[in-house]
Amino acid sequence: MSPSRLLRDSLRSLRRHRLRSASIMIGSLVGVAALTFVLDVGQGLRRKMLTTVQQIFGDSSVVVVAGGMQLVDGPRPDAARLTIDDIAAAAAAVPAVVDWDPQQVQIVSVRCAGNTATARVLGQSERAGKVWARTVSRGRFFDAADVQRRERVALIGETLVRDLFAGADPLGAEIMVDAVPFTVVGVLERFGTDLHGMDRDNEIVVPVSTLMRRLANVDTISVAKLLIGDPAQNAAAAAQIREALRSRHALLQGQPDDFTLLTPSEVRQLLGKMQRIVTVYLPLASVVVLLVAGLIAATLMAGAVNARVAEIGVRRAIGACPADIARQFVAESAFTMLGGGLLGILLGSAAAQLVARRLDLGAVLSLRVALLGLALALVTGLLAGVVPALRAARLRPVDALR
Amino acid sequence: MIELEDIEKTYTRPGAAPVHALAGVSLHIASGEFVAIVGTSGSGKSTLMNIIGTLDQPTAGRYRFERTDVAQLDVAAQARFRNRHLGFVFQAFHLLPRASALENVELPLLYSGNEPPAGAGRRALEAVGLADRLHHKPTELSGGQQQRVAIARALVNEPTLLLADEPTGNLDPKSADDILDLFEALNRNGRTVILVTHDQRVAARARRVIRIDAGRVASDEVRDFAHTAAREETR
């Protein structure tokens, strides 16, 4: 039988057995959709993690977080006693540190001319632009004198420009941060969302001294970043910084750190573990779903062979050889799984696209992933069809027609 | 056309005595004949039919079809042989229930080597008087109409031999008569027709009646003039 006739005949047969075809297709659809989704989103997440790590750490740095380890939810609100003086002392003690910036954070409500928004306020030093590699796109960054005098000057992100000023020029305007008036002196460079899906353009940066005294009323900071001049010395510098901080906090040997040091390599390692979940285990789980779909398909095809014994007999009588019968059932199984796979790719891609937009992952759809999904669906379908098909082909025409 | 020599078919089952379904059948059937194979159930008539149709293999003996030893062909070659030379009609019609009349009739074209002539299925259905039922499903047709679809399917590849196994067994007398008329007409146009039946009135329509009993040919009569009278009787 020619391939085109086989295709035509299989498609007709699928149409004649809609319920069975639909059941097989749903399995394949779910499996391939899941696979497409996790691979596409996984790739996007992976890229996003690498970008974020680069954004946070730059080429070479050490980040100190007050309190214990907490990577996922940002700095702890009840962070222990980490002060600007601690960081200044550590920076002075470690020659590899070329620059540093303290940071304290607070969630506030912001008002301006009747518009209200909720935003994150970061208190930072005048060196923040260089240390965190994020400066202003309009206006000016505050300077050392502003920090010294605890001036009420603020840099705001583009989301706030939109929400509070409807896109109008915010420079020079006065905004109320909680109950404290600030003057907008600059607009922060666009950042996008970070790993947690947080909008980093919905931020206000003010002098850390102003934040500590006027908004948060604390003496401590939550995070600090120390730039290391030579990437090769990063690990050594981190160890020296740890020692300096431990001695300032008078920690005895055996006592745990009351701060956490993050270095780019450690963070990459940690993210690597999370990545493995996304790029290995989730796809594996989807493949298992596809395998289950294949088993269901095999069972349904076996049922189809039983239900269509007379048809098999007739086909043999009118000129089908055993190989034709086998091919027919393999083709039916393969085409059904393939059809489900095609729909699954559409569904999975759409879902991936939706999630990617929410998490700001950029383009995530990949032709390779789509082809992989299709190939797996096809192979599963072929395999699922083999056993029932062989059984169908082995039926003797006399028995089938009885 | 068909030469059977000492055809035997023995079924052996472990733990049971072998059953001789056919115990040495020799027959010659010429092109253009209208033959009824009759016998009681278990006589071996269906086994004989299956062997002539290459749906079953003889355990011994020789079967030549137009000088080809078809029993010696491999399965694929036998399938091609059936597709090209034989048309089957079954008691239970055996139509694909979810396919239209036309799709059912075109099924054998699927397995014929070269591209079939356009409209072959439609012409076959017209030949059996079902030109207006092309797209009906079997469930939408009467028993007689279903059997005519099955005959159209048997004819679509223009076979030389038509094999019918109790073709009227599931039909009311009127439809049965119509089907037998159709077989007669096909036979008049030169097709060889072999039908298996246990019904004397059906057998009476054939020109030659071969009676099988206990796996052997019990009688073989050519009744050239008798069949017209018998036909009056069935009415």
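The C-alpha centres of domain 1 and domain 2 of chain A lie 52 Å apart in this predicted model. Domain 1 of chain A covers 3–52 + 272–401, and domain 2 of chain A covers 68–257. These bounds come from an automatic or database domain assignment. The model is predicted: local features need pLDDT of at least 70, side-chain atom pairs count only at pLDDT 80 or more, and totals for chains, interfaces and linings use all residues. Residues are numbered from 1 along each chain as its sequence is written, while chains are lettered from A and ligands numbered from 1 in the order in which they are written.

Contact between the two domains of chain A involves six residues of domain 1 and five residues of domain 2. Two residues are in contact if their C-beta atoms, placed from the backbone, lie within 7 Å. On the domain 1 side, α2 (18–57) and α11 (322–359) of chain A each supply at least two residues. Helices are DSSP runs (H or I, at least four residues), numbered from the N terminus. α2(A) gives the most to this side, with three residues. The domain 1 side holds two nonpolar, one polar and three charged residues. Ala, Val, Leu, Ile, Met, Phe, Trp, Tyr, Cys and Pro count as nonpolar; Asp, Glu, Lys and Arg count as charged; the others, Gly among them, count as polar.

Chain A also meets chain B. This contact takes 20 residues from chain A and 22 residues from chain B. On the chain A side, α1 (3–16), α10 (309–317), α11 and α13 (397–400) give two or more residues each. α10(A) gives the most, with six residues. The chain A side divides into eleven nonpolar, two polar and seven charged residues.
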